[in-house]
Amino acid sequence: MTRQLSLRDIAFDLGTGSTELGVGVGRFLGTLERPPVLLGLGEPTHGVEAFPQLRNQLLAYLVEQQGYRAIALESDCLAAVVVDDYVRTGAGDLDEVLATGFSHGFGAAPANRELVTWLREHNAGRDPRDQVRFYGFDAPLEMAAAPSPRAALLGAHEYLREHLPAGRVPHDRDTLDALLGADADWSNPAAMYDAADSIGDTDNARALRLAADDIVARFEAHAPGLRQASSDNDFERALMLARAAHGLLRYHAEMAKPGPERFSLLTGLRDATMAENLLAIARVQAHHGPCLVFAQNAHLRRTESAMRFGGMDVHWWSAGALTAPVLDSGYAFIALDCDRWVDNPAVQRQPHDFQAVLGDATASRALFPARPLAAALAGQVVSARVSDDQRYAPFDPAGLDGADAIVLLESI
């Protein structure tokens, strides 16, 4: 009779130091069908330094031992250009870069300051082809509002004006400017909760959506010539502006529609934009080296995501679920979670919850491959953890098929 493996049998011990972390994750990566182009690393909540600190340690190993040449964070894709320029060329002041190059207030996190500093030090003096790039892959959104598409739309349009014959540039800048109107009308925070306060379904907004579609189409149809006329980097950044403008206008249009599915549809659109950005990053990095992607677990899993928001159950397909079928084995996802939250009494630990069961098999931190983990848990009574902290979304064992591995921290 074959003995069922225990959790300790299948775990990759990650110890407490960066070397042990790298060795353990490296052993796991060696079990995959092929090295991923995008390696997702998720966290169960934002604002807990232990998770991005582990991310920083892992990135250093991946860069030095696995040839990784990029990191992408759940942060505004447009703002992140400021950070990328800084870490590759030293342009700008570190404090200003942190203040303007991140969304959601993430620039204030000590681990992100350490990340940007490490990237700049690593890249200094290196050939540009060997530097580590920084990307944001989130839409240019905040939870409380969606901004005007002005900067993205006009920026993409200006790039086409500079590099295409006038007869091939769609629309007139002054006309676009007039259709955009006042930025404050777009960014009205009341529109997030009341569709009637959104201008996303006005005649002007509908005209702008068609214009944005035309602009994206020009990028697609003239890509080789545009790359030759500027550079690959300038083309990719301008195309990102066009995608962002198109995505923002779709988002504003959805904000203008009332109904019980409104928040699910909005969240799904946000992750669809994330997926577009991730696929663009994968396309670029295929010529340079893989990318580590860091975000909340719900954005990176391969299965449908869910959360409670505004008193409603919200369901959507995550960026990971949209990206994985395109990249196949070129996408891998490691979820992060923790057992004992020492300074957070709102997290309730029960002996048979998923995190406690893994924590009992973990000395400090360990990686559990998802398939062997599911087999080892078969027949055991393991429940989803309950948390009274609405910011923390414990990993649910029912979602193991949406991840390749779980890294469990015993306590923080």
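This report covers the cysteines, the cavity and the salt bridges of a predicted model.

## Basis

In this predicted model, local features need pLDDT of at least 70 and side-chain atom pairs count only at pLDDT 80 or more, while totals for chains, interfaces and linings use all residues. Residues are numbered from 1 along each chain as its sequence is written, and side-chain values use heavy atoms, with hydrogens and water left out.

## Cysteines

The whole structure has zero disulfides (a disulfide is a pair of cysteine sulfur atoms within 2.5 Å). Cys77 is in no disulfide; its nearest cysteine sulfur belongs to Cys291, 14 Å away. For Cys291, the closest cysteine sulfur is that of Cys77, too far for a bond.

Cys77 is buried, at 4% relative accessibility. Cys291 is buried too, at 0%. Buried means under 20% relative accessible area, exposed over 50%, and partly exposed in between (1.4 Å probe, protein chains only).

## Cavity

One cavity of 30 Å³ or more turns up. A cavity here is a set of points, on a 1 Å grid over the protein atoms alone, where a 1.4 Å probe fits but cannot get out; lining residues have an atom within 4 Å of a point. Grid points are joined across faces, edges and corners, and the volume is the space filled by probe spheres set on the points.

The lining includes Ala139, Pro140, Leu141, Tyr251 and Arg270. Helix 12 (232-255) and helix 13 (262-285) each give two or more residues to this lining. Helix 12 supplies the largest share, four residues. Helices are DSSP runs (H or I, at least four residues), numbered from the N terminus. By class, the lining has seven nonpolar, two polar and one charged residues. Ala, Val, Leu, Ile, Met, Phe, Trp, Tyr, Cys and Pro count as nonpolar, Asp, Glu, Lys and Arg as charged, and the others, Gly among them, as polar.

## Salt bridges

The structure holds 28 salt bridges (a side-chain nitrogen of Lys or Arg within 4 Å of a carboxyl oxygen of Asp or Glu). Asp95 pairs with Arg113, with the closest N and O atoms 2.5 Å apart. Asp95 sits in helix 5 (residues 94-100) and Arg113 in helix 6 (residues 110-123), so the bridge ties parts 18 residues apart in sequence. Asp95 is partly exposed at 46%, and Arg113 is partly exposed at 35%.

Arg150 bridges to Asp177, at 2.4 Å between the closest N and O atoms. This pair links helix 7 (residues 150-163) to helix 8 (residues 173-180), 27 residues apart. Arg150 is buried at 19%; Asp177 is partly exposed at 32%. Elsewhere, shared partners join Asp339, Arg340, Arg349, Asp353, Asp360, Arg385 and Glu410 into one salt-bridge network.

Notes:
On a 1 Å grid over the protein atoms alone, a cavity is a set of points where a 1.4 Å probe fits but cannot get out, and a pocket is an open set with protein on both sides within 12 Å along at least five of seven lines; lining residues have an atom within 4 Å of a point.
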